[in-house]
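Open the structure in your viewer and keep the selection panel at hand. The tour goes chain by chain, then stops at one helix pair.

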Amino acid sequence: MNEKLLHHVFLVLAIIALTLFASHMIVLSYRDLQSIGVFEATRSPRSIPKLSPRRQRFVPTPVDVDLIQGWMTIAYLNRMFGLPSDYLKVEFNITNPKYPNIVLEDIAHLNKTPITTVVEDYKRSIAEYLIVTEAGEEPL
Amino acid sequence: MISWIIGPFLSFLLLYKYGALFIIAFVAALAFPIPASTTLLAAGGFASQGYLELKWVIVAAVSANVLGDVVGYVLARRYGEAAINHVGFGRLLRSKRYGQLKRYICDYPESLIYFTRFLTEAGPGVNILSGLSGVPLRTFLVFDVLGEISYVLLNVFLGYSLGTQWEQSTGFLMKVALTVVPVGITINLMQVLLFRRRRANGRIQ
């Protein structure tokens, strides 16, 4: 067996070993996360009734308003929680023409408000929307 | 808190999507230590929520990584030695140690290039060394593309499978990176030992 061929055999073995190792770690990680309830659904299917089956598979199940952070944009929050596109615009009276491509930290900066306050306000507003839609009512 | 460190990168990704992903991956592959792996993992998570398209995330990340690597390699190959001489480190290039390192890289470039794709901090250094050592472009490109595809798929599919909980898997990725490197080093050492043994036996000149 020549040196070059032997080198390629080593390389293929390395790739197989890496793939097996990565797969094993992914399975272990998945089991760990599953055991602590990360993949448990926390939203009722009633909160996403108007989506087509194709879109429903994109709606993350363990969505919790506590996941909201300052780096997120409103467009992302709309997608993450299945909000109507103008819900937050009306709720917070946003006039910025860039809506919904605005980062929460930028909103805090423009309004001269602490980011923690802005995040809490958005958490509360979205939680209210989710409670109302779970109860089968139209949000105000 | 992870969001404090990479928050600006994530905001950039949410605002400019594939263009932002391409820029972050390219800059990280070229030379700068920015959190590209975490951004890639997050992009997988965003794709699982339908905010980004999975196929375009993969295309943007692989192409940007490969382009960044190749630019680093080509710059080092064309201008590397002249630049090092210009800044006064020319003696380094003529040292015995550098000669040994160069010979080692030329003898075993494949696994070195492939495995360092999983470490965004080590990858640019290997690209530059490969260029300086004169590793053939075809060899570099083949194992760079293979390595980058594996690295991008690992990160993106992990993020995609974990969805909104992607932040919790960064610790796991660190473990993977820390394990992949010793595996790569071990395989390289085995190659070196085998090469020396065969040379000692007179089968290789």
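Helices here are DSSP runs of H or I with at least four residues, and strands are runs of E with at least two, numbered from the N terminus. Keep in mind that this is a predicted model.

**Stop 1: chain A**

Select chain A. Reading from the N terminus, you pass α-α-α-α-α-α. That comes to 6 helices and 0 strands. Chain A has 140 residues, and 21% of them count as buried. Now think about contacts between residues at least 6 apart in the sequence of chain A. Of these, 52% join residues at least 24 apart.

**Stop 2: confidence in chain A**

Colour chain A by pLDDT. The average is 72, and 56% of the residues score at least 70. Select residues 33-52 of chain A next: here the pLDDT is below 50. In the model this stretch still has 29 contacts beyond near neighbours in sequence. Move on to residues 54-62 of chain A. The pLDDT is below 50 there too, and the stretch has 22 contacts beyond near neighbours in sequence.

**Stop 3: chain B**

Switch to chain B. How many helices and strands does chain B have? The count is 9 helices and 0 strands. Along the sequence, the pattern is α-α-α-α-α-α-α-α-α. Chain B has 205 residues, of which 39% count as buried. For contacts in chain B between residues at least 6 apart in sequence, 79% join residues at least 24 apart.

**Stop 4: a helix pair in chain B**

Select residues 54-86 of chain B, which form helix H3. Two packed helices are described by the angle between their axes and the distance between the axes. Are H3(B) and H7(B) parallel or oblique to each other? Angles under 35 degrees count as roughly parallel, and 65 to 115 as roughly perpendicular. The two helices are therefore oblique to each other. The crossing of H3(B) and H7(B) is right-handed.

**Stop 5: where the two helices meet**

Show side chains along the contact. From H3(B), pick residues including B:Asp69, B:Gly72, B:Tyr73, B:Leu75 and B:Arg77. From H7(B), the residues they meet include B:Pro124, B:Asn127, B:Ile128 and B:Leu132. Colour the whole contact of H3(B) with H7(B) by residue class: 7 are nonpolar, 6 polar and 3 charged.

Conventions:
Residues are numbered from 1 along each chain as its sequence is written. Chains are lettered from A and ligands numbered from 1 in the order in which they are written. This is a predicted model: local features need pLDDT of at least 70, side-chain atom pairs count only at pLDDT 80 or more; totals for chains, interfaces and linings use all residues. pLDDT is the predictor's confidence in each residue, from 0 to 100. Two residues are in contact if their C-beta atoms, placed from the backbone, lie within 7 Å. Axes are lines fitted to C-alpha atoms, for helices over the stretch in contact, and angles run from 0 to 180 degrees between N-to-C directions. Angles under 35 degrees count as roughly parallel, over 145 as roughly antiparallel, 65 to 115 as roughly perpendicular and the rest as oblique. A crossing is left-handed if the near helix is turned anticlockwise from the far one by less than a right angle, and right-handed if clockwise. Ala, Val, Leu, Ile, Met, Phe, Trp, Tyr, Cys and Pro count as nonpolar, Asp, Glu, Lys and Arg as charged, and the others, Gly among them, as polar. A residue is buried if 20 or more other C-beta atoms lie within 10 Å of its own, exposed if 12 or fewer, and partly exposed in between; C-beta atoms are placed from the backbone.
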